[in-house]
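Subject: Structure handover

Hi,

Here is the structure for your files. Please load it before reading on.

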Amino acid sequence: MRSVERSFLPLLAALLATPGDALGNAGDCARCHSEVAVQHRNSAHAFEDLTCVDCHGGDATSTDVDTAHRGLRPAVPRAEIPEFCGGCHADPVAMAAFGLPADQLALYQISGHGRALAAGDLTAAVCTDCHGVHDIYGVADPASATQARNVASSDCGQCHAGSGAGTDVLGDYEGSVHHAAVQQGDMEAPSCVHCHGSHGAAPPGIGTVNRVCGQCHSETREAFRHSPHSEGIVAAGEPQCAACHENHRVGPATADLWSACTDCHDESSDAMRTGQKILTLMQQTEDEMVRARQSTAEARAVPLDVRDYEARLDLAASYLAKARPRTHSLDPESVEELTRKARSIGEQVQADVAGELYVLEGRDLVVLFLWLYIVVTVAALQLYRRSLR
Amino acid sequence: VAWFEERVNLTEIFSFITTFGMAYGDIDTRRPLDEAVEDAFRKPHPVYVRWPHILGIMAFVVFLFQGVTGLFLSFYYQPSPDAAYNSFLVITRDTHLGWYIHQMHSWGSHILIALLLLRLCRFFFHRAYRSPRELVWIVGVLLALLAIYEAISGSILPWDQEAYWSFMRTAEAIRELPVFGAIFGFLVGGYDLGPFLLPRFYVLHIMAVPLAILALFYLHFATIRRIGLSRGDGDAGPEYPLYPDHILNLLTVLVLLFGVILTAAVVFPSLATGAADPYVAYEGVLPPWYMLPAHGLIEVLPGDVAGVLMMLSFVALTAAPFLDRARGEGSRVVSGSLLVVALGLVVWLGYVGYGIRG
């Protein structure tokens, strides 16, 4: 019996100890503040051994309410939150071990959010609005509100969404190709912070939009800067790239986009004729590429060896891909230099495939001759059989 | 011949060869070859050479043809998921006339199954399964099943999208069978088509099952040698010698049959659909035509009920000689009506199965 007790009691102790352990490193705080402890348990702070006491003070080893709460810091006022977090996050020495930058507080203070807070606007976003309080996760963690897929809806969209025209920034962004790419797992595609910055969040000015977009669309920017639009659009008070492509609701760059030209240009103007010429060049080339791809798919099913054709079409596709940003130069000759190459490859591939398929049609002809042979053989066999009888 | 005849009993070899069809009678191995051949050629045969009594020998010749074309394909084929599709491309694209051998092998499999199934219908209609021909019938049923298995195991080998997804459809139906489903599941090795599926199916496809089919054909011909050819109900008819009537008629039919296979192979070739990708479904894919009625049944009834029903049908079909207790010659009205009803049901289920294309 005693031995049973000896083995049972440690087990009971272990079971009783389980809730505290399951709540991470919150220590005895978890006995009363279990809900907060659960939030804290899987956070990036808990992972790095940051305990309740590190932020709140007090004594996590005591179960006596008075002792545990001795030296407890009061809740941080909203206006002081950036400075409070900056206590660690603005310390380059402390942050070096985690590979984290220490300039977030400085950036925040010059951001639209930081300046509004400094001006006394307590509705301006502070650290905890985006990062959470106890449930703070790393930026790459899918559970994190700051992760690329979540940042628009969970962070910025909390405030920057509305029902009026032009005010529903979140709704506009969610209708964009950028959002679609992010949701499909392209973490390089832009969410809010790629264009506006995160801690130093600020809207780009009219004259700087091409720099923001050009961070990714560098070839397009290069072509745009040498085009008549480069200065003309700014002079007209339009926000450069966003004038045609929208700012948040960036749609697919299809031929439909060319209808935006009439917003500024007269239908019979030279500018429209130039645009129409570029549009025709691009559409003809794209159609040619589609036809060439269809013909190689047909040949692949036979099966014919289409690796050479596919390599040539890949080259043509790269010319077409280069031509697309070059349309922003508004120089038809420069665009045609590339589309001509792509189109001629597409035409040549179609002609080559058609030649190979034509040779294959000869097989059907062979079958016709073969049936002639079969009929003759059958007749001969039957005649021979009758002659033997 | 004389030189060989002094050293080898050629008549014994001739006797062995004719064991697989052609000459239905004993051959006296003590006599010289020319006499034995002449004797065998003169032997009168019933008019079975005429339609529809030639289905069996046609099936056997197509089976041999499948063996020859399959041998050529095996020279280049590599049974592993990484290499299978490329080796299939090497055969059908890069090897001279490889496409042609492959298409004929593929169409040959369909025609073999069609011939064996038609032959079963013929047997059923003529009630040719009655004593002492029970074994001929049972062997016929088994041959049809094995030929279908050969076609299924062969269809997955190209490892292209259509082969892969069509096989998945086929497997859906077979898994519902009570006993065969478990055996098939064991052969496939689960619900996924794993890396060892191809070598397993390949070895069965080119060695084990063809040998079993050959053994069944041998058993069939050995049975015929013992009990003689079926002459139909009271159909005495004129009898013709093996040569020239039988052999030249058979040659005529075979020439026409190969014309059909060849034409189908050239005019209706199966297309390459890209390497099999388990993560990209191939839309609109159907199981092979001989699996469509089974698919129709699992569409109409719950899977396990359909499986049990299919299994019972197989058992009843195999046991037909023992279930048909009608005495005497009986009437073909009953067997004919049963056949029409069964075929109507199969065609309807096949149509329902075709509907899964969506």
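Below are the conventions, then the findings.

This is a predicted model, so local features need pLDDT of at least 70 and side-chain atom pairs count only at pLDDT 80 or more, while totals for chains, interfaces and linings use all residues. Residues are numbered from 1 along each chain as its sequence is written, chains are lettered from A and ligands numbered from 1 in the order in which they are written, and side-chain values use heavy atoms, with hydrogens and water left out.

Chain A overall

Chain A has 21 helices and zero strands. Both are DSSP runs numbered from the N terminus: helices are H or I with at least four residues, strands are E with at least two. The radius of gyration of chain A is 35 Å, well over the 21 Å from the globule rule for 389 residues, so chain A is more spread out than a compact globule. That radius is taken over C-alpha atoms, and the rule is 2.2 Å times the number of residues to the power 0.38. Along the principal axes, the C-alpha atoms of chain A fill a box of roughly 120 × 85 × 40 Å.

Of the 389 residues in chain A, 28% are buried. Buried means under 20% relative accessible area, exposed over 50%, partly exposed in between (1.4 Å probe, protein chains only). Among contacts in chain A between residues at least 6 apart in sequence, 54% join residues at least 24 apart. A contact means heavy atoms within 4.5 Å.

Backbone points to check

Most residues other than glycine have a negative phi, and most peptide bonds are trans. These are the exceptions to look at.

- The bond from A:Val302 to A:Pro303 is cis, with omega near 5 degrees. A:Pro303 sits in the loop between helix 19 (270-301) and helix 20 (307-326) of chain A.
- The bond from B:Ser131 to B:Pro132 is also cis, with omega near 10 degrees. B:Pro132 is in the loop between helix 6 (98-125) and helix 7 of chain B.
- A:Asp49 has a positive phi, near 70 degrees. Its loop runs between helix 3 (44-47) and helix 4 (52-56) of chain A. A:Asp49 is exposed, at 59% relative accessible area.
- B:Trp159 has a positive phi too, near 55 degrees. It lies in the loop between helix 7 and helix 8 (161-174) of chain B. B:Trp159 is buried, at 7% relative accessibility.

Cores

Which residues touch the most other members of the largest nonpolar core? In this core of 88 residues, they are B:Trp137, B:Ile156, B:Trp159, B:Phe167, B:Leu193 and B:Phe201. A nonpolar core is a set of buried Ala, Val, Leu, Ile, Met, Phe, Trp, Tyr and Cys residues joined through side-chain atoms within 4.5 Å. Leaving out residues up to four places away in sequence, B:Trp137 touches B:Leu120, B:Phe123, B:Phe124, B:Tyr129, B:Leu317, B:Thr318, B:Ala320 and B:Pro321. A second, separate core has 22 residues, including A:Ala299, A:Leu304, A:Leu338 and A:Leu360.

B:Val136

B:Val136 lies in helix 7 (residues 134-155) of chain B. It is buried, with a relative accessible area of 5%. Not counting residues up to four places away in sequence, B:Val136 touches B:Phe123, B:His220, B:Thr223, B:Ile224 and B:Ile227. B:Val136 and B:Asp304 are 168 residues apart in sequence and 31 Å apart in space, C-alpha to C-alpha.

Best wishes
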